[in-house]
Amino acid sequence: MDTDSDQRADRGIDVSVVVPAYNRRASLDRCLTSLLVQRVTKEIIVVDGGSRDGTRALLGLYTAHHPRLITVIRDAQPGTPGGARNRGLERAAGRYVFFCDAGDHLAPDALARLVAAADGNGADVVVGKVAGARQGLRESADRASLTAAYDDLSCFKLFRRDFLERHAIRFDETQRRGEDMTFAVHAYCHARVISVVADGDCYHAEGGGEASARDPLGWLRVVRTPIEVMARHVPPGALRDRLLLRHLRRDVLAQLGVPFLTACEAEREKIAVEVADICGQWLTPGVRAGLDGVDAARVAALDDPDRLVRLALVEAAPLRHRLTGVEWRGDRLVIEGWAALAGTDGVADGTGVTGAALNGAALTGTVGLVLRERMSREERVPSVTRGGTGAAGSFTAVLDVAALPPGMWDVHVAVECEGARRLARLGSRREPGAGVPPAHLVGGVVAVPFLTRSHGHLGLDAGGHVVRVPAVVRLTRAWWRGRRLRVEGQALVGEEAAAAAVRHLIWRERASGREHRERAVAVGPREFAAETAGLRPGTWDAYLELVLGGPPVRFPVKVAEADALGRPLRWWCGALRWGVAQWTVRPYATAVNRRLSVSVRVATPLTVVRRMVRVLRRH
């Protein structure tokens with residue numbers, strides 16, 4: 001085997017891409033094409049473990065056309081995936097190493113972005129966004145924390161090669177599954193800097209489902225190795241607990257979900273014993289405190305297989321729900337509907353085995369609502385009464401809007417059963433005619449119920465953060481007090497008086513975008529007033545600024561009656577450099593939407609004379 005890495009390193013290779021390939025003729029073509037177009041100095045090392053499906057012939061074509069870029073290492077017999085990657089790593093000469101499976105492919109600019117991040121941040125490991133991944137890192141980071149990076153334990157990343165050599169990081173060739181997780185854990189624990197590139201997809205994984213879903217018992221035995229590797233490098237404490245929590249939630253306790261249901265009764269008992277053994281070793285008080293309701297219930301039921309089955313059924317059963325009505329009752333928002341897990345309470349599930357099992361288990365639960373704020377993720381649980389519509393699982397929830405902090409609140413229906421809570425956005429399925437009521441002012445805060453445009457989910461915008469507030473500002477009178485224009489009008493949110501929320505009258509110059517602010521005051525429940533002076537030449541549009549619990553919002557001032565406008569005001573002033581000038585300030589309503597505007601014009605004596613001559617000629 002050729003091992004002249006030092007000689008080949010003189011060629012200035014940026015990235016060595018290692019691709020294990022065993023009987024992957026169907027997908028290898030796309031993989032290699034995506035690697036060849038990468039805009040970095042690269043080498044592609046393919047390790048063929050004795051393929052018999054045409055992979056060898058395809059690799060012969062590629063090496064003939066790209067002899068300087070593609071190197072093939074041929075093993076007589078297929079080995080483990082970790083063994084193939086180690087062969088490629090021994091042959092690698094690039095500054096960085098990237099591992100890619102033959103069934104996957106890269107985005108055209110993936111390696112360039114990953115190398116730029118590694119060079120710019122001095123990173124030992126760079127994590128790229130995996131297309132379509134439901135879990136993983138979502139935001140780019142120059143220096144990601146270990147706990148954040150630990151969410152992604154695949155080996156499909158960029159690694160600094162001398163970093164791997166210095167710490168003797170290699171794949172475990174005795175593992176046929178999970179070897180990439182052990183490799184990533186070992187690298188993470190030694191990395192000084194971990195960067196994340198998530199501003200676009202980097203890696204496209206075309207593989208099937210998780211191996212753990214196909215063999216939960218085997219997966220539980222495999223996952224012990226990366227946990228032990230991590231524990232050897234991270235001392236006991238809060239950091240180790242956070243990393244253990246990731247393993248227990250996603251790798252261990254997850255096997256008590258759908259994989260547990262698909263197993264036979266004898267295998268279920270073995271799975272429960274294996275999970276209990278792992279928890280007995282690694283479930284510290286800090287990890288236990290981080291478990292959610294479902295996982296905590298599973299830990300408590302490890303010696304009760306029947307309850308574990310019921311918990312798995314609750315998690316797997318489809319959640320059916322329907323919104324039947326939303327209305328205001330005073331300052332409280334009343335939401336009615338029904339919800340049930342499919343297969344319970346007479347609700348059809350359409351899933352066959354799961355529904356039958358649920359009926360046999362005679363599961364019962366409670367139905368309610370959960371409001372979750374989009375930014376802070378804070379949750380509020382309104383009071384709920386059963387039997388609001390007479391249907392199974394019906395509810396009537398009463399939301400005290402006055403006690404709700406401003407924000408965007410999404411409404412979820414919740415079903416709690418056997419200690420597990422299932423959530424789903426409410427509103428996408430609703431009774432015909434079940435819409436949302438108008439906006440309502442509660443304690444000076446506007447509350448706007450809404451349905452999302454994409455799926456029709458129910459939400460409540462408290463404060464007018466995103467949803468358009470249906471407010472109207474009407475001019476009732478504009479008149480002159482000396483050279484100050486006094487504006488009086490009414491402010492309404494829906495049909496409710498909103499003058500207490502007014503803050504400023506804002507004039508915006510149409511051409512330049514300059515703004516002039518004047519304080520506005522309430523002179524009645526609906527009425528407001530403001531005075532303006534000092535507008536410079538130009539055309540100014542009037543807006544009234546209101547504070548309704550969220551960020552300030554502006555509404556154009558509309559002119560209802562033409563006689564509400566005062567006459568133009570003219571005066572002579574000597575402030576201009578060339579002498580006296582005539583100022584003309586004229587309030588008017590725009591022709592299209594009747595908005596209040598003011599035209600400010602300045603004319604010299606010569607301009608005035610010419611204007612008078614033109615008028616005389618027309619007459």
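Okay, quick definition before anything else: two strands pair if DSSP finds at least two bridges between them, and strands here are DSSP runs of E, at least two residues, while helices are runs of H or I, at least four residues, all numbered from the N terminus. What you're looking at is a predicted model, where local features need pLDDT of at least 70, side-chain atom pairs count only at pLDDT 80 or more, and totals for chains, interfaces and linings use all residues. Residues are numbered from 1 along each chain as its sequence is written, and side-chain values use heavy atoms, with hydrogens and water left out.

So, the sheet. It's open, with 7 strands in the order β3-β2-β1-β4-β7-β6-β8 and mixed pairing. β3 (70–74) and β8 sit at the edges with a single partner strand each, so one side of each has no neighbour in the sheet. Helix α2 (residues 25–36) packs on this sheet, touching β1 (15–21), β2 (42–48) and β3; contact, by the way, means heavy atoms within 4.5 Å.

Now zoom in on β8. It runs parallel to strand β6 (residues 125–128), and 4 bridges join the two. V126 stands opposite S195 in β8. Are the residues of β8 (194–197) buried or exposed? Buried, on both faces: I194 and V196 on one side, S195 and V197 on the other. Buried means under 20% relative accessible area, exposed over 50%, partly exposed in between, with a 1.4 Å probe and protein chains only.

On to packing. The largest nonpolar core has 139 residues, and V19, F98 and I335 touch the most other members. By core I mean a set of buried Ala, Val, Leu, Ile, Met, Phe, Trp, Tyr and Cys residues joined through side-chain atoms within 4.5 Å. A second, separate core of 41 residues includes W480, W583, V585 and L596.

Then there's helix α14 (residues 265–282). Its buried residues include I271, V275, I278 and W282. The face turned away from the buried side carries the exposed E265, E269, K270, V273 and G280. Covering the buried residues are, among others, α12 (238–252) and α17 (305–316).

Last stop: H321, in strand β10 (residues 319–329). Why does H321 count as buried? Because its relative accessibility is 5%. Leaving aside neighbours within four places in sequence, its contacts include W338, V413 and R425.

Terms used: Axes fitted to C-alpha atoms, helices over the stretch in contact; angles between N-to-C directions.
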